[in-house]
Amino acid sequence: MKWYNKYLSVYNTSLSSISGISGGIINEIKNNLINLQSNNPLVTVSVIAYNEEKHLLGCLWSLSEMKCKYPIEIIGVNNDSQDKTEDIFKAVGLPYYNEYQHSCGYARKCGLEHAKGKFHINIDADTLYPPKYVEIMVDSLMKPSVVAASSLWSYIPDKDHSSFGLKLYEFTRDCHLFIQSLKRPELSVRGLVFAYHTEYAKKVGIRVDIKRGEDGSLALGLKKYGKITFVRKSAARAVTGYGTVGIDGSLYNSFKVRAIKSLKNIFSVFSAKKEYNDEDSNLIK
């Protein structure tokens, strides 16, 4: 049985349906989160959410069951959601902030500004995280000269995507990200699995003037302070919904679109770059 199977019972489900099925789950998450919170955290885990009523509870359930040897705080950012996202933050008693300017950049910036920990870990509300995820990411950040760490992710299996197709897509994408990370690590980080030193990130700042790619832009700025490392351990591999992959239809079509974009930028993989643009975020994901 996969570690995330039980969280799928509330994933892609409205809050009213969850309450009707098992209100006890909410109380369980609430109690778990209370026990995890530290007044003097080493690491801040910030969950950003925009209209994520159907996914947020599953994400918080997975985080509430983390096993971590470091003191942590978990906070939320509600990006002016129009559904019951904010109600879920309230129901589980998680400290959260409202950010009324819409975009991942504004939401991540809000989380960073309120972070108390030396390290900051980005969390996306539509993603589930394995129990040792936070600890493994912090272990990486504590290594000499490392200022940021990025992990890998898989997609939640469903009836529309074959297991073999998913594995092939993820393997190909992971190979591409590895090669790209050798010279252009900022292109291989992804916000849903990104962690970094809070102090340096506040100095660099999170861009809010681009539609997406704020994660890569931050990574590019962090490079002047130290190394960006990539965590390949399966115990740190998150699972998520299909997001931008689903926009192009089938996995094959999604791969084809991203492969063409990547081939057009093939030579940039072998050289460093000093600027980060919107189009840099549109490669294989």
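Colleague: Over how many bridges do strand 6 and strand 9 pair in the parallel sense?

Modeller: The model is predicted, with local features needing pLDDT of at least 70, side-chain atom pairs counting only at pLDDT 80 or more, and totals for chains, interfaces and linings using all residues. Residues are numbered from 1 along each chain as its sequence is written, and side-chain values use heavy atoms, with hydrogens and water left out. Strands are DSSP runs of E, at least two residues, numbered from the N terminus, and two of them pair if DSSP finds at least two bridges. Strand 9 covers residues 227-230, has Phe230 opposite Ser150, and runs parallel to strand 6 over four bridges.

Colleague: And which strand is antiparallel to strand 6?

Modeller: Look at Ala148, which stands opposite Tyr196. The two strands share three bridges, and the antiparallel partner is strand 8.

Colleague: Why is strand 6 largely enclosed by the rest of the structure?

Modeller: Buried means under 20% relative accessible area with a 1.4 Å probe, protein chains only; exposed is over 50%, partly exposed in between. Strand 6 spans residues 146-150 and is largely enclosed because its buried residues number five of the five.

Colleague: Which residues have the most contacts inside the largest nonpolar core?

Modeller: Such a core joins buried Ala, Val, Leu, Ile, Met, Phe, Trp, Tyr and Cys through side-chain atoms within 4.5 Å. The largest one has 56 residues, and most contacts there belong to Leu60, Leu63 and Ile121.

Colleague: Buried or exposed: which is Leu182?

Modeller: Leu182 sits in helix 6, residues 163-183. With a relative accessible area of 57%, Leu182 is exposed.
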